[in-house]
Amino acid sequence: MNKLLIENLTVTVDNKTILKDFNLTINEGEIHVLMGVNGIGKSTLTKVIMGDPNYIIESGNIYYNDTLINNMSIDERSRLGIFLGMQLPMEIEGVTNADFLRSALSIRQKENFKLFDFIKELDNNVEMLDMKSDMIHRGINQGFSGGERKKNEILQMYMLKPSLVMLDEIDSGLDVDSLKIVGESIMNYYKEYNPGMLLITHYQRLLDYVKPTHVHIISDGKIVKTGDYSLVKEIEEKGFQEINSKKVTSIGVCAIKEKFKNE
Amino acid sequence: MNKIKVVGDILELANVSKNIHIEYYRKECIFGINEVKIVVTKDSNLDIEIKLKEDTKLNFSISVLEGVKLDLNIITKGDSGKVQYKYNLEKDSNINIFKFQNIKSIKEMVIARLNGENARIDYNFKTVSNKKETYDYHIFHDAKNTISNIKNNGVCIKDGLIIYQVSSFVPSDITGCVVNQNNRIINLTNNKSEIMPNLYIDSHDVEASHSALIGKFSDEEMFYLQSRGIDYNTALKLLISGFLTSDINNKKILKEINKNIEKYWR
């Protein structure tokens, strides 16, 4: 049984503490949604799980399947089955999507890697996601729209078949049709492979397709409230501040804008 | 395919059509410099392969006549030397250059004269530097509506060091020109490479841009590739391959670049 366990995690970035004594457990087959105002540490959590060296673990532990991964390299974590679909996927000139994915898979599969099977599967997934067929021969995310970049993240998820999927605002930049395709693709992946999932989103619309088992509100570097899908509805209706039993002590710039707008 | 091969002082020609006139002057004639003069009279492709021997001195003069298009592919290998290329482009002519070199060290000068209206040069150069390489470009827009796109990519390894000095000139009475320079060096050494992009533009009606970058690949790029399970060395190799092969569509040059990538980043 695949399991992510985070214990008492404190993380700093540029000497600022973002996560404080943070705890979370995600088991195989669970879909967790993390919500909260901007700049509160949601993306930080995914980056630190993935091993971004800019995020410093001051204390606490991250385990995946009982293996302590605090000091594990980024690529080792990925090969353990951890995947991060990024909020702002990088554009990398010259490295084609096909070469990139072929490298990633041939490292995982070693002598079992079959080029023909790879091409066939890639073509099928490109079609499923309604992506342009020539995109696999273009540089990674080069000239892609915001929506195409997000679809490309889902394509990579399908090709790499992770057992822990983290998707950071995968719904941002998607039009209605693309959101439907991406949302349904995530849910189909879940049904087929039964991974643990951690989704970060600001909106309910993604959750029309991907039904969470757990919903968390993060504030002041830790989870302040956990519930089921009904909590999402409550957030939509009341906003974060009213729901939080604790006072929200740090609000990102966008959150402040939203607050003024509402008033 | 028209092909010129220069090995040290020896010039070899293969399948050169009558559309390309070639004259060769051995160094005994011109102060110790081997000189190749080329005149292209009709649309052509030309491959030039150069193998430098110790301190080779070599000049190329390449003229493209009115209305003619030349696709030129240059691969340079071998020791060290001084090489000069002079390109003369007449009205409505067009030269598209793909060039790769992997040599011990080189001092190179490129002079392009866009003599006739609507003349255009697209220059796409890649190098892997093991020792000092100096490149000095002079691009003269001597006629209206001329276009120059100069793109230089270099990777420094071992004792590598690259200096790009790129100067583009547009006089005051020349209008409607497009002048672009794009110079990038990935420096994997502690040596100090330099880029000096110069735009000497006296005309008010010109579209011009230049970009210069010296550095390593970004942490974000490495993180993205590694987050898909690709180890650091393979990620670096992928990035270098992308950097050196982007915009190159000549198979021979791609093969040569890939051969070098396998050699240095196996």
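Predicted model: local features only at pLDDT ≥ 70, side-chain atom pairs only at ≥ 80, totals over all residues.
Good morning. In chain B, helix H1 passes helix H2 in a right-handed crossing. The residues that make this contact are B:Glu221, B:Met222, B:Leu225 and B:Gln226 on the side of H1(B), and B:Tyr232, B:Ala235, B:Leu238 and B:Leu239 on the side of H2(B). Sorted by class, the contact of H1(B) with H2(B) holds 6 nonpolar residues, 1 polar residue and 1 charged residue. As for the geometry, H1(B) and H2(B) pack at an angle of about 120°, and their axes are 9 Å apart.

Let us turn to the contact between the chains. How many residues does each chain bring to the contact? Chain A gives 21 residues, and chain B gives 18 residues.

I now come to the strands. In general, strands of a sheet pair through backbone hydrogen bonds, in either a parallel or an antiparallel arrangement. Within E7(B), B:Leu72 is the residue opposite B:Leu46. Strand E6 of chain B, residues 56-64, also pairs with E7(B) in the parallel sense, over 9 bridges. Here B:Leu58 stands opposite B:Val83 of E7(B). Finally, E7(B) pairs with strand E8 of chain B, residues 94-114, over 20 bridges, again in the parallel sense. One of the residues concerned is B:Lys69, whose bridge partner in E8(B) is B:Asn94.

Chain A provides an antiparallel example. In what order do the 4 strands of its open sheet stand? The order is E2-E1-E4-E5, and the pairing is antiparallel. Strand E2 (16-27) and strand E5 (67-68) of chain A are at the edges and have a single partner strand each, so one side of each is left without a neighbour in the sheet. For E5(A), 2 bridges join this strand to strand E4 of chain A, residues 56-64, and the two run antiparallel. Please locate A:Tyr63, whose bridge partner in E5(A) is A:Leu68.

Thank you for your attention.

Terms used
Residues numbered from 1 in each chain as written. Chains lettered and ligands numbered in written order. Contact = placed C-beta atoms within 7 Å. Pairing = 2+ DSSP bridges. Axes fitted to C-alpha atoms, helices over the stretch in contact; angles between N-to-C directions. Left-handed = near helix turned anticlockwise from the far one by under 90°. Nonpolar A, V, L, I, M, F, W, Y, C, P; charged D, E, K, R; others polar.
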